[in-house]
Amino acid sequence: MSLHAQDDPALREAQEDRLRAVWKPPEGLFLRWTDTNNNRVGVWYVLTAFGFMLFAGVLALIMRAQLAAPGNDLVNASTFNQLFTLHGSMMMFLFAVPMFEAVSIILLPQLLGARDLPFPRLSAFGYWSFLIGGVFVAGSIFFDAAPDGGWFMYPPFTTRTDLSGLGADIWMLGLSFIEVSSVAAAVELIVGVLKCRPPGMRLNLMPLYAWYILVVAVMILFAFPPLIAGDLLFEMERLLGWPFFDAAKGGDPILWQHLFWIFGHPEVYIVFLPSIALFAMLIPTFAQRPLVGYPWIVLAAVGTAFLSFGLWVHHMFATGLPKISLAFFSAASEAVAIPTAVQIFAFIATLWAGRVVWSTPLLYAVGSVAIFVIGGLTGVMVAIAPFDWQAHDTYFIVAHLHYVLIGGTLLPLFGGLYYYWPLITGKKLSDRIGRTAFWVLFAGANLTFFPMHLSGLMGMPRRVFTYPAELGIGNLNLASTVGSYLFAFGVLLVCVDLALSPRRAKSPRNPWNAGTLEWLAHPDDEDWGIRSVPLIESRYPIWEQKDFVQKVDEGRFFLPDAEEGRRETIVTSVIDARPVQVLRLGAPSAVPMMTAIALGSVFILTTYHLYTLALVGAAATLALVLYWLWTGTAEIPEKEEKPIGHGMVMPLYISGGSATGWWAMFITMLADATAFSGLVFGYYFFWTVRPEFPPTGPGFDGPGVLWPMVALALTAASWGATVAARETHARGGVGTARILLAFGVVASLAAIPAGLAGPWLSGMAPKLHVYPAIVWTLAIWTVAHSGVGAIAQGYALARSIAGRMTPRYDADVRNVTVFMHFMLFTAVVTYLTIGLFPEAS
């Protein structure tokens, strides 16, 4: 078909009819629920996260009403504990991170000129996991079963079932399920940024929002998995009595603090950087000039991410750390202010050098920076250990945290909402209501949290449900309560503005005169995305490339047609964005939703100790995942290649390091390896802090050397067989490759009893001491990977026998090989650790 369809109106109309057949929203409520278009999934994601934020805000208002006067009895201590635990947990786990992921799922395809992100079904799975887990955790408060140990859930009070009820399990297992959705979103976003950019959009031409999201998604891979490892240890102590945090049996509750804050402090920047990313998009628009210092901002974002992983111990200054540790982490905590300041000063310089058009979104941006800077200054204060000892666990810390989160997350999101609402709905929000809401929010935030600095310094501790009048802080608390309700009124104004927006007339295309790709969207566009995938030659193509919008609309760039009636986008190379493939995207399906429900049942049923039913849910999850992979991935196309325009022809199928599936597997396994590193960290932590590790006596003997080495040898043999199968298969030796895969399955299965034989035959009793408990945990983790490896090898073998994998179409075996690399790494570390260390010393 002609590339230049605008020359023939009838031809162009026929092409657009084909696009409508593919991207038109499906009819019927059930089909809408099962839709996997990222734009629609992202909208539901945003609405759900916003709903959780409103619910968490109501919980905060109840707390502030309780604290408005000394000796108040609006709620009792138990209810108050549930309120503040659920408020913090929901704001951090159910609002801040999911909201940035939701916004990114909507914006990134448009920013990158892609028809969609590479794994729309994965995004849908992440949404349903988030929704189910969030409702499970949030709904617990209506049954007086909400967690009550704080959003950090410090042991030993939370791990002892006699001191904490079912709420601790609900928190741990429910939020672990939500963490799965966060990692799924991170995989989608990383592969989308790296592999689905438009032709010509080299890394140095990417919109800054894409850079920020790439950095943050990588942070999730290294921040969330240690918490997942901690969750595993936490629940094994609660459900099985394995004493990881019980000091009487060799454990140490400080390990939980390390694993939690390795996640918890990067988490602050995980929610802060995407909000700064919104500034990076709207400030150039309202300054009407490119952003000043693009490379410096990118380096600052990367530097902020890197330094954020070296700050976690500043939450633990009061735990009796060595002075050298205090000095190091105090210095690192202050150093992170440098890259943060680079970004803020770059934004100020852009406004200074531009022709500023004052608008409601820009008002929110400037106000956000002002509030964030106050929080940053108090952050420098608490980074100094002697001051932290005085302010620790007081309302000074509450004030600092909320200044940072409101200035660095909430208000920027409201600014982004006013900026991008015309892109999402085609209608602008009210400037009058928006500006009024801003000033109410700004005044309310300061009135709420600034007095908390003073009440904290006057001695008011955190997490108390009442206080005596003699403390002299009643007026400060009353001011904070009034401010909180003023802030809530500002949020209500924003909600009213959103509710009124459907009645307003549609705004013109690109109403802000922005220069980046997302504003190619037209208010009357349907769900198929932009008319053609553009060639990018600058960072602000709408401003700087001649007749750019007209050429996109007329189909003068790439992939203007949908001849086969399939959802398609272009896959490009990582560095310089050269086209390498036309990727066919998954159609709407109920499988992601059903998989999330099945996996959610595993976590929820385990909470109530219904282990048999949980195993049934696990089996259903495995079956659904295999069905999803079998029917929805690595499809052999009906033809080898397809023209994309301008004389270029791209393959419809690729495998290996250039393929999106290979990258998804690699990124997922990085997250898996990071979680495993948390468990290994626990082993060596106990060895470092406990002189009796490992102890001596019956039940404490190590697993020995023989069986760990046998298990390692079998795992290595399985890995070698898979690598050999991949190479043999690529050369046409299909029969030999099948034999090698079958051998790999047998070796992986044999590694399971071999890996468990050492601790089993040695009589290691995990309930008696932390040493046998952590050895058993590492062994179980590793043999579980051997089991998954056997399933993966068997899957590749079945695909080959069914004719769905050939020497030309071999993505399955190549992706399985990536898993096997990480499985071998896990086995090497585990079996050398438990078999040779510390016995060999």
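Helices α8 and α9 (residues 294-308) have axes that come within 9 Å and cross at roughly 160°, where axes are lines fitted to C-alpha atoms, for helices over the stretch in contact, and angles run from 0 to 180 degrees between N-to-C directions. Because angles over 145 degrees count as roughly antiparallel, α8 is roughly antiparallel to α9. This is a predicted model, in which local features need pLDDT of at least 70 and side-chain atom pairs count only at pLDDT 80 or more, while totals for chains, interfaces and linings use all residues. Residues are numbered from 1 along each chain as its sequence is written, and side-chain values use heavy atoms, with hydrogens and water left out.

**Helix pair**
- His-265, Pro-266, Tyr-269 and Leu-273 of α8 meet Ala-301, Thr-304 and Ser-308 of α9, contact meaning heavy atoms within 4.5 Å.
- The residues of this contact divide into 4 nonpolar, 3 polar and no charged.

**Nonpolar cores**
- In the largest nonpolar core, of 231 residues, Tyr-209, Tyr-212, Phe-244 and Phe-414 touch the most other members; such a core is a set of buried Ala, Val, Leu, Ile, Met, Phe, Trp, Tyr and Cys residues joined through side-chain atoms within 4.5 Å.
- Helix α8 (residues 254-287) supplies the largest share of this core, 23 residues.

**Cysteines**
- A search of the whole structure finds 0 disulfides, a disulfide being a pair of cysteine sulfur atoms within 2.5 Å.
- Cys-196 is buried at a relative accessible area of 2%, whereas Cys-495 is partly exposed at 22% (buried is under 20%, exposed over 50%, partly exposed in between, with a 1.4 Å probe and protein chains only).

Technical notes
Helix = DSSP H or I, 4+ residues; strand = E, 2+ residues; numbered from the N terminus. Parallel < 35°, antiparallel > 145°, perpendicular 65-115°, else oblique. Nonpolar A, V, L, I, M, F, W, Y, C, P; charged D, E, K, R; others polar.
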